[in-house]
Amino acid sequence: MAAAVEPRARPFTADDLFDAVESSSVSTRPLIQFLFKATTNGRSAAKTRDAALSAVKTFHKPKARRLFAGLLPILEKIVEEESILPDQTDEDDGGGASSDVDATDAVLFLKGCACLTGAYLEGLTSRNTRKSANQPSEIIDEAFEVAELLHDQLFPLHSLATKEATQTQREIFNVCERWWHGNFDDREQLVTQLVPLLLVKSLDDNSEKNDVKRLYSIRSAIDLLDFEDESITSLKNHLLRTVGNPLFLQTSEGKKFIQHLFGVDKTLADELHKAVKVQLIGAKKSLLTAYADIYYGVWKFAIEQSGDESCDDEEDKTTTLQSIEEAIQDLVYHALHSANPSTVKQVKGILDKFYQNKKNPAVEKMLHDLISPLLWRALNSTNSRVRLQASAVLADTFPLRDPTNETQTQAIVAKSVESLSRLM
């Protein structure tokens, strides 16, 4: 007998997806079965899901509105009733196992919504390539409502710590990140839970370089946070931990992320500097090199920004430059006055980056302006250790001059030589 021939899978149509979505108006099961579990019209769930996501990428407004309007009722119910959280009913009551199944289905429904939303955003982004990067991209209200509800479930999902919750959280991350990078309307509403969770993930012992890269890619979202609000204390503490995290200090994106933090808020910049000083105790050369790159990078960006007429926020430009130069001057103070030779050595490991770039007129002027008020006083100190450390700083910066004031150069060189002679 001839072997039985399997029937061919019927070609996928958008109506197949709409049937599953609209059948889910009162239950999560139809969409879950359609995307993740059942064989549909001769296709496996994986093939059905791939076909559905490919179709959604091509959706224009009419079909997109129908899709997201169909998802909203059950999604709103899940969020309102906190359905993803397992029921705390005692197992003796007989309701625990059934409730856990319902919670798992709710999590899978969120995952399905996130997959569909991510596919729609991917399609929109590919069609919006000609738009200006600074011009917000319009998007239908129904899609935003779904995305906002998904975003608001990130913290609850994080608390579950199950395989399904982690996978769903990852898909929602993808939605929020696509929304941010696509510059879609109201994108600031979809980062308040995203940023803290990506930060926590990046600081985890099992984190990878890609976690830091993802956080760096949405760094500008941190500018939207109010650092004077007491509720942000926990997030701020996590941000401060980045300066002691090996993965941040070993990767280019990690160091640039910390550089960005110095320009976000004056108080945060001061606390970051204090956190760096704590890390200097017993720090290895590689760590000092990383901090040197960070401080020099912050200062270089701030000085370039201060001369950028296209940057409208004069206060921000001045604040960032002031913050980093105060931090550099503080390091100089420790190089001159610290009673611990190890601290002097560690601080020098950071300052050397500036000394090595002294041929840059802007660097030379900055060193003159920040070091001069401290150095000449230290050279005349009654403390021999301070005088010795001051002579080392003078040697590193000689001649300590303002390149914009050539008339003073000869006098400063003479003063420097006199100071060194007196110390010999």
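Student: How many helices and strands are in the protein chain?
Tutor: You'll find 20 helices and 0 strands. Both are DSSP runs numbered from the N terminus, with helices being H or I of at least four residues and strands E of at least two. Keep in mind that this is a predicted model, where local features need pLDDT of at least 70 and side-chain atom pairs count only at pLDDT 80 or more, while totals for chains, interfaces and linings use all residues. Residues are numbered from 1 along each chain as its sequence is written, and side-chain values use heavy atoms, with hydrogens and water left out.

Student: OK, what percentage of the residues is buried?
Tutor: 46% of the 424 residues in the protein chain. Buried means under 20% relative accessible area, exposed over 50%, and partly exposed in between, using a 1.4 Å probe and protein chains only.

Student: Switching to cysteines: how many disulfides are there?
Tutor: The count is 0, taking a disulfide as two cysteine sulfur atoms within 2.5 Å. For C113, the nearest cysteine sulfur belongs to C115 and sits 9.4 Å away.

Student: Is C113 buried or exposed?
Tutor: Buried, at 0% relative accessible area. C176 is also at 0% and counts as buried.

Student: And how many salt bridges?
Tutor: There are 20, where a salt bridge is a side-chain nitrogen of Lys or Arg within 4 Å of a carboxyl oxygen of Asp or Glu. One of them joins D105 and K37, at 4.0 Å from N to O. That pair links distant parts of the chain, with D105 in helix 5 and K37 in helix 2, 68 residues apart.

Student: Which residues are networked with those two?
Tutor: R29 is linked with K37 and D105 in a network of salt bridges. D105 is buried at 5% relative accessibility, whereas K37 is partly exposed at 48%.

Student: What about D270, which residue does it form a salt bridge with?
Tutor: K266, with the closest N and O atoms 3.0 Å apart. Because D270 and K266 are 4 residues apart in helix 14 (residues 266-279), about one helical turn separates them. D270 is partly exposed at 29%, and K266 is partly exposed at 25%.
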